[in-house]
Amino acid sequence: MTAGARRPRGTAGARNRSLTPDTTPDAVVIGAGPNGLVAANLLADAGWSVEVLEAQDEPGGAVRSDREVHPDYVSDMFSSFYPLAAASPVLAGLDLHEEGLRWSHAPLVLAHPLSDGRCAVLDRDRAATAAGLERFAPGDGLAWENLCDTWDRIGPDVIKALFTPFPPVRSSARLLARLRTAEGLRLARTLLLPVRRMGEEEFRGEGGRLLLAGNALHADLAPESAGSGGFGWLMAMLGQTYGFPVPAGGAGALTAALVRRLERRGGIVRCGERVVEITVRSGRAAAVRTAGGETVAVHRAVLADVAAPALYGELVAPEHLPSRLLDDLRRFQWDWATFKVDWALSGPIPWSAGEAATAGTVHVADGIDELTRFAAQIATGHVPDRPFLLVGQMTTADRSRSPSGTESVWAYTHVPHRVRADAGDDALTGAWTTREQEAMADRMEAGIERFAPGFRDRVRARRILAPPTMERLDANLRDGAINTGTTALHQQLVFRPVPGTGRPETPVEGLYLASAAAHPGGGVHGAPGANAARAALHATRPVRRTLVRAQHALAARGRRRQDR
């Protein structure tokens, strides 16, 4: 299947698959996003029969590409750059290169230009990155090297801890062994710092601070948020080590490789099949029902690559869930809403800072204070007047994306879920009418023009993806919330998606949360899907199955007492 290819809807055969036991799959995976497809592949590797049901007319979730902006240009619809995929042992273990997946890199990983012509640059050559930061302030090159040295010591164990089921006992033990008590405490303090403070402690000049803070804002972490320093450092080190690679030919090539691999192992992907209910019998997930009225029974498990609020109380009826869980979900916090624009340009973006021209990703904001201002406006329900932009120069990263001499480009920014007012002059209300969408897109173009005069003269075509449009194209992206829940500390680890979980198991036996709503969260790396698949496989071992059923029986009794 080529990237972006549509898959046929399920046939109208037997509307109740439980009547045809020979075709009943061992597992049904709800959602053909990257996590769902990773889960399905791992189950198929273990010999399970797997059926993936996807609501959209094509697989991929937020990993898709098309030619709808301009027929000569490939545009990634949602995500594009995948440092977490490059680092992921989960995806590495699938050998997707055997399915034709190839990665491509821009000459520079990332650039953050300033209005005075200076530009902070992240290069895969750490010496080059350090040399660039040294020009901002003497000593900042060495400060960057010191951060890289810390990554060299603990980075591999951080990666293992990030991508293994919670709690990551072995990798955590190795981390503790590598660090003396005092050193470990100091490092923990540093990583828990707000990124503004971390940058001030580590660097004299603005360059290193911008690299950390801009990377922190790949999530919904303001410069003053606790833990934003650690996240900014993690993303910067991933870029330094692995780059920000893109799939050659478009994001859809990654999805196509996952689908091909699954189908070669007997898995089935059915698109245009929206699941509306998970049937629970005797406390166990027994079947799913689609919007078309079809019931698909399962032998062993249902894995849901869906947002937590959609799983609990929508797909699973409330009577099958503890009241405490439902109460906790009322406190579930989404990450920021997203507004995205795709462009087909007649030539490269004419950045005033020349280094930005060869970077795959460009951060657009005139300093840390402007990042703080942007985040504060969102926190107070205002549409930012000078939005922080993440710009993707896709032809710079992969020459196959558009004709020679042109550029396929996107930019996204964040807006509040509930708009109270517009910090700008366009009276934006968050209704996102055609007028409001065009005005916001114009505001984003003006933001690029500040650093690249003449940008607008090169626009051949553009496409606007407002928050409701993104959600319509992928229901997991509530108003375009790209991480399926905030990245803030209060909704990570044992608090993701609600307190006391942190694992893919749910209160319903045989049902597993396989989306980015589960640990370790957002990003294209496959870990939530892999964790769910491994949990399902582990639970079906004979001794383990008996223990799990006993635990669920005890939990059911507790729910009955709790609800009295």
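## Close-up views of a predicted model

The model shown here is predicted.

**View 1. Leu493 and Asp479 both sit in the loop between helix 17 and strand 21.** Leu493 has a phi near 55 degrees. That value is positive, and the residue is not a glycine. Asp479 also has a phi near 55 degrees. Here too the value is positive in a residue other than glycine. Most residues other than glycine have a negative phi.

**View 2. A cis peptide bond leads from Arg496 to Pro497.** Its omega is near 0 degrees. Where does Pro497 lie? Pro497 is in the loop between helix 17, residues 467–473, and strand 21, residues 511–513.

**View 3. The peptide bond from His519 to Pro520 is cis.** Omega for this bond is near 5 degrees. Pro520 is found in the loop between strand 21 and helix 18. Helix 18 covers residues 527–539. Most peptide bonds are trans.

**View 4. Leu345 is a residue of strand 14.** The strand covers residues 337–345. Is Leu345 buried or exposed? Its relative accessibility is 0%, so Leu345 counts as buried. Which residues does Leu345 touch, leaving aside those up to four places away in sequence? They are Tyr73, Thr406, Glu407, Val409, Phe455, Arg458, Val459 and Arg460. Gly405 is 60 residues from Leu345 along the chain. The C-alpha atoms of Leu345 and Gly405 are separated by 9.3 Å.

**View 5. Helix 1 packs against helix 11.** Helix 1 spans residues 34–45, and helix 11 spans residues 252–264. Their axes are 9 Å apart and meet at an angle of about 25 degrees. Angles under 35 degrees count as roughly parallel, so helix 1 and helix 11 are roughly parallel to each other. Their crossing is left-handed. On the helix 1 side, the contact is made by Pro34, Leu37, Val38, Ala40, Asn41, Ala44 and Asp45. Helix 11 contributes Thr255, Leu258, Val259, Arg261 and Leu262. What classes of residue make up this contact? Eight are nonpolar, two are polar and two are charged. An α-helix has 3.6 residues a turn, so residues three or four places apart point the same way.

**View 6. Helix 9 is mostly covered.** This helix runs over residues 206–216. How many of its 11 residues are buried? Nine are. The buried residues are Gly207, Gly208, Leu210, Leu211, Leu212, Ala213, Gly214, Asn215 and Ala216.

**View 7. The whole protein, for orientation, has 19 helices and 21 strands.** Of its 564 residues, 59% are buried. The accessible surface comes to about 22,000 Å². Carbon and sulfur atoms account for 52% of that surface. Contacts between residues at least 6 apart in sequence were also sorted by separation, and 73% of them join residues at least 24 apart.

Methods
Residues numbered from 1 in each chain as written. Predicted model: local features only at pLDDT ≥ 70, side-chain atom pairs only at ≥ 80, totals over all residues. Heavy atoms only, no water. Helix = DSSP H or I, 4+ residues; strand = E, 2+ residues; numbered from the N terminus. Buried < 20%, exposed > 50% of the residue type's maximum accessible area, 1.4 Å probe, protein only. Contact = heavy atoms within 4.5 Å. Areas by Shrake-Rupley, 256 points an atom, 1.4 Å probe, with all protein chains shown as cover. Axes fitted to C-alpha atoms, helices over the stretch in contact; angles between N-to-C directions. Parallel < 35°, antiparallel > 145°, perpendicular 65-115°, else oblique. Left-handed = near helix turned anticlockwise from the far one by under 90°. Nonpolar A, V, L, I, M, F, W, Y, C, P; charged D, E, K, R; others polar.
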